[in-house]
Every structure is written in structure tokens, then in C-alpha cells.
Amino acid sequence: MPGISVVIPAYNEKNGIGPVLEQVRAVLGASGWDFELIVVDDASSDGTAEGLQDLGVKVIVHEFNRGYGASLKDGILSARHEFVLITDADGTYPPEAIPALLEKAPECDMAVGARTGKKVAIPAHRRFPKWLLGKTANYLAGFRIPDLNSGLRIFRRENALRFFNLYPDGFSFTTTITLAFLSNGMKVSYLPIDYRHREGRSKFRPIQDTANLFSLILRTSLYFHPLKIFVPAGLILMGGGLALLVHRLIRGSGGQVTTVVLLMAGLQLLALGLLADLVDKRSQR
């Protein structure tokens with residue numbers, strides 16, 4: 001059987017981390033896979049890391065709080081197995097879903113637990129931003145993504161390292177790795193899972209983190225699929241310019257400068273998109 005490294009980022013999860021480790025260990029112990037457990041304590045102040053070494057867990061402790069993505073990146077770098085499993089320390093992701101992901105992992109580049117099961121406890125204030133982010137990502141990636149930022153997934157370590165310079169230090173790590181894999185033609189399989197109420201207080205900041213996610217999706221798409229952003233934006237500006245021109249011709253009113261500005265801005269965006277796409281394709285050779 002292949003080996004797998006489990007990376008669990010933790011920040012002030014003293015009450016939840018113990019049961020999660022016990023359940024994950026039990027599931028993997030019954031699977032036959034060789035495994036290691038890695039907890040990355042992101043400078044917790046509640047004693048999260050204390051006593052974990054006695055549980056046979058590899059512990060990495062940050063001197064200061066660096067973020068969810070930074071914790072995952074440190075865990076991946078220290079992993080010694082071919083496959084990496086990430087999950088959260090708050091008990092929201094069901095360990096009983098791991099065997100199905102293990103079975104799927106060797107057949108694809110990444111297996112993801114999509115929070116589309118019968119019991120999904122996503123807070124109400126996060127549902128609309130999650131839906132809007134998903135729709136935007138589906139268009140830009142060119143795929144239907146059941147769950148853009150699920151924190152329960154298995155991937156090959158070598159594949160993750162290919163895009164390591166793109167991963168942010170914050171909550172957007174899972175979004176970035178999803179878009180990077182899909183945009184490069186890698187096979188990502190989704191399996192429906194439940195999602196439980198978390199133990200402790202959520203660290204998600206609805207307004208700031210949602211805005212950061214939108215910005216990240218646009219940046220990642222510009223990196224991999226620039227035409228999907230530049231072409232629509234350019235056509236909208238040119239369409240506005242043409243509509244204003246027609247209105248001016250019919251009504252005999254002003255607006256010549258605005259018309260020219262809109263048309264030229266649209267043409268420039270189209271040219272930038274073509275140039276960016278050329279650079280992207282050339283860098284992939």
C-alpha cells in the first residue's frame with residue numbers, strides 16, 4: 001500500500017484536535033496505508049500543541065501566527081509520503097469519509113470531499129458568498145466545481161509542489177490549489193461528504209476573507225486563463241462605446257470623447273488579453 005501524510009493546521013483548537021487525531025488514526029490504521037500525522041500549530045495561545053508529541057504526532061510550531069495556508073505549506077514540505085491528506089482540527093470534516101477518498105486517490109491527481117452531503121452545517125452568513133464564489137470560479141476555470149474550498153482532500157505531494165509559489169498564506173490555499181489543478185488539465189474527483197458544526201470559534205472573517213477570495217480567484221485566472229477576463233471586459237467596453245456612438249448619431253448629441261475612450265480602452269484590453277495568453281502559452285512549453 002502507498003503511504004500518506006496527514007497535515008492538520010491548528011490555531012487555538014485545544015478542545016477539538018485530540019478527538020480529530022484519534023478518529024483519523026483509527027480510520028487510517030484500519031485502511032492498511034502507511035501514514036504519519038503532522039500538526040502545524042499556528043502560534044496558538046491556548047496550549048494546542050502541548051502533549052501532542054506523546055500521541056506519536058509530528059508537531060510543527062510557528063513562532064507567530066502566519067495563517068492557514070502557511071501552516072499547510074509547512075506541513076506539505078515536511079511530509080515524507082507520496083500522498084498528502086489535509087483536514088481541519090475543529091471536527092467539522094467527518095473522518096469516516098477518508099476511506100472513500102483513499103480509494104479514489106490513486107486514480108486521480110486530487111480527491112476532494114465536497115460538502116454536498118445530506119447533513120451540511122455551513123453557517124448562514126457564509127452560504128451566499130460561497131455560492132457566488134463558486135459560480136465565478138466555475139466560469140473562470142471552465143469546470144463545474146462542487147466545492148471550491150473544501151478542507152478535506154488528498155493529493156499527490158509532487159503535484160502540489162508544482163504550484164507552490166502560487167499558494168497564499170491565508171484561507172485561500174484550498175481555492176488556489178483547486179484552480180491550479182483544474183486549469184492545468186489535472187484530474188480532480190469529488191465525493192459528497194457531510195459537514196459538521198465546528199468545535200470552538202470560527203476564524204473566518206466573512207467580509208475580508210470573501211473579498212480576498214474573489215481577488216485570488218481573479219489573480220489565479222489571470223495566471224492560467226487571461227482571455228476569460230480580458231475578452232469579456234474588452235467587449236463590454238467596446239459595446240458601451242458603440243452603443244454611445246449609435247445614440248449620438250441618432251440624437252445628434254455630444255459624447256465623442258467618451259465614445260473614443262470606451263472603444264480604445266476595449267481594444268487595449270483585448271490586446272492585453274491576447275498578449276497575456278501568448279505569454280502563458282509560451283511559459284507552458
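Start with lysine 73. Its relative accessibility is 13%, so lysine 73 counts as buried. Keep in mind that this is a predicted model.

Now show its partner. Lysine 73 forms a salt bridge with aspartate 169, and the closest N and O atoms are 2.8 Å apart. Trace the chain between the two. Lysine 73 sits in helix H2, residues 68-78. Aspartate 169 lies in the loop between helix H5 (157-162) and helix H6 (173-183). The pair is 96 residues apart and links distant parts of the chain.

Is aspartate 169 buried or partly exposed? Color by accessibility to see. Aspartate 169 has a relative accessible area of 36%, so it is partly exposed.

Next, select aspartate 74. Aspartate 74 forms a salt bridge with arginine 66, with 2.8 Å between the closest N and O atoms. Arginine 66 is partly exposed because its relative accessible area is 34%, which falls between the 20% and 50% cut-offs.

Move on to aspartate 147. Which residue does aspartate 147 pair with in a salt bridge? Select arginine 115: the closest N and O atoms of this pair are 2.7 Å apart. Aspartate 147 is in the loop between helix H4 (124-141) and strand S6 (153-156). Arginine 115 is in the loop between strand S5 (110-114) and H4.

Finally, zoom out. A search of the whole structure finds 6 salt bridges. Among them are lysine 73 with aspartate 169, aspartate 74 with arginine 66, and aspartate 147 with arginine 115.

Conventions: Residues numbered from 1 in each chain as written. Predicted model: local features only at pLDDT ≥ 70, side-chain atom pairs only at ≥ 80, totals over all residues. Heavy atoms only, no water. Salt bridge = Lys/Arg side-chain N within 4 Å of Asp/Glu carboxyl O. Buried < 20%, exposed > 50% of the residue type's maximum accessible area, 1.4 Å probe, protein only. Helix = DSSP H or I, 4+ residues; strand = E, 2+ residues; numbered from the N terminus.
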